[in-house]
Amino acid sequence: MNKLPEIIGIAGTNGAGKDTLGDLRSALQGARKVSLSDILRAEADKRGLAHERSHLAAISTELSRQLGAGALSLATIQHYQETRTPEDTGLSIVSIRRPAEGRAIQEAGGKLLWIDADRHIRYHRIRNANRGRATDVKTFEQFCAEEDQEMNPDTDDPFVLNMSKVRSIADEEVINEFGSEPEFEEHLINRFNLKS
């Protein structure tokens with residue numbers, strides 16, 4: 001059994017179950033969950049932009065160029081440390097998409113987890129989830145093309161999303177090809193000793 005540290009980063013492919021781990025930690029242990037994607041969606045709202053992956057990626061790159069490649073993680077950790085209450089048992093930072101964001105978590109004593117599953121499984125999960133996100137309505141080919149761009153960008157620019165490099169520095173990998181969310185939740189509870 002593997003006990004998680006106070007601060008964790010949760011990275012992985014779309015539809016793999018990143019939010020599930022963050023939500024479970026919150027519900028069962030009182031850990032605060034912050035999604036970097038939610039921060040980007042809020043910024044897109046301020047700018048009047050649709051929540052399309054291209055817009056969110058552009059905002060993420062712009063903010064990292066202005067503030068530093070690991071700035072979103074660093075700011076999230078700092079805010080947590082400054083506002084932590086006795087009820088806060090930890091911090092889960094979800095949607096790490098740049099290596100510097102993952103390293104910032106590791107340098108703060110945290111652990112970076114990578115969650116993944118087969119593309120076809122993830123695509124069908126997203127299509128069936130009805131999350132109300134514009135980014136979820138696309139063909140399988142569009143889904144794959146966007147993911148390929150984020151996984152393996154054609155640049156070494158540290159400010160651009162680079163999921164394959166995030167995966168390469170992850171401390172641990174979780175494969176979620178379970179048939180249902182309750183099965184995956186049970187796996188996470190047992191693997192990471194999430195029962196309080």
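**Entry 1: terms and model**

Helices here are DSSP runs of H or I with at least four residues, strands are runs of E with at least two, and both are numbered from the N terminus. I am working on a predicted model. With that naming, I went to the end of helix H5, residues 99-107. H5 is followed by glycine 109, and the phi of this glycine is positive, near 90°.

**Entry 2: the sheet**

In what order do the 5 strands of the open sheet lie? I read E2-E3-E1-E4-E5, with parallel pairing. Strand E2 (32-35) and strand E5 (172-175) each have a single partner strand, so they stand at the edges and one side of each has no neighbour in the sheet. From one strand to the next, the twist averages 25°.

Helix H4 (residues 71-83) packs on this sheet, where it touches strand E1 (7-12), E2 and strand E3 (91-96). I noted the angle too: the direction of H4 makes about 165° with that of E3.

**Entry 3: pairings, one by one**

I started from E3. E1 is joined to E3 by 5 bridges, and the two run parallel. Within that pair, isoleucine 10 has valine 94 in E3 as its bridge partner. E2 also pairs with E3 in the parallel sense, over 4 bridges. There I found lysine 33 opposite serine 92 in E3.

Then I moved to the E5 end. Strand E4 (residues 111-116) is joined to E5 by 4 bridges, again running parallel. Isoleucine 115 stands opposite valine 174 in E5, and aspartate 116 stands opposite isoleucine 175 in E5.

Which residues of E5 are on the covered face, and which on the uncovered one? Glu172 and Val174 make up the covered face, while Glu173 and Ile175 make up the uncovered one. E3 is mostly covered, with 6 of its 6 residues buried.

**Entry 4: leucine 91**

I picked leucine 91, which sits in strand E3. Its relative accessibility is 0%, so leucine 91 counts as buried. What does leucine 91 touch, leaving out residues up to four places away in sequence? I listed Glu6, Ile7, Ile8, Arg25, Ala31, Arg32, Val34, Thr76, Ile77 and Tyr80.

**Entry 5: helix H5 and glutamate 101**

Back to H5, for its burial this time. Pro99, Ala100, Glu101, Gly102, Ala104 and Ile105 are the buried residues I noted in this helix. What do the buried residues of H5 pack against? My list reads E1, helix H2 (36-47), H4, E3, E4 and helix H8 (163-169).

One of the H5 residues is glutamate 101. Is glutamate 101 buried or exposed? Glutamate 101 has a relative accessible area of 2%; the cut-off for buried is under 20%, so glutamate 101 counts as buried. Beyond its neighbours within four places in sequence, glutamate 101 is in contact with Leu36, Ala69, Gly70, Leu72, Ser73, Ser95 and Ile96.

**Entry 6: lysine 3**

I wanted an exposed residue for contrast. Lysine 3 lies in the segment before E1. At 54% relative accessibility, lysine 3 is past the cut-off, which is over 50% for exposed.

How values were computed:
Residues numbered from 1 in each chain as written. Predicted model: local features only at pLDDT ≥ 70, side-chain atom pairs only at ≥ 80, totals over all residues. Heavy atoms only, no water. Pairing = 2+ DSSP bridges. Axes fitted to C-alpha atoms, helices over the stretch in contact; angles between N-to-C directions. Contact = heavy atoms within 4.5 Å. Buried < 20%, exposed > 50% of the residue type's maximum accessible area, 1.4 Å probe, protein only.
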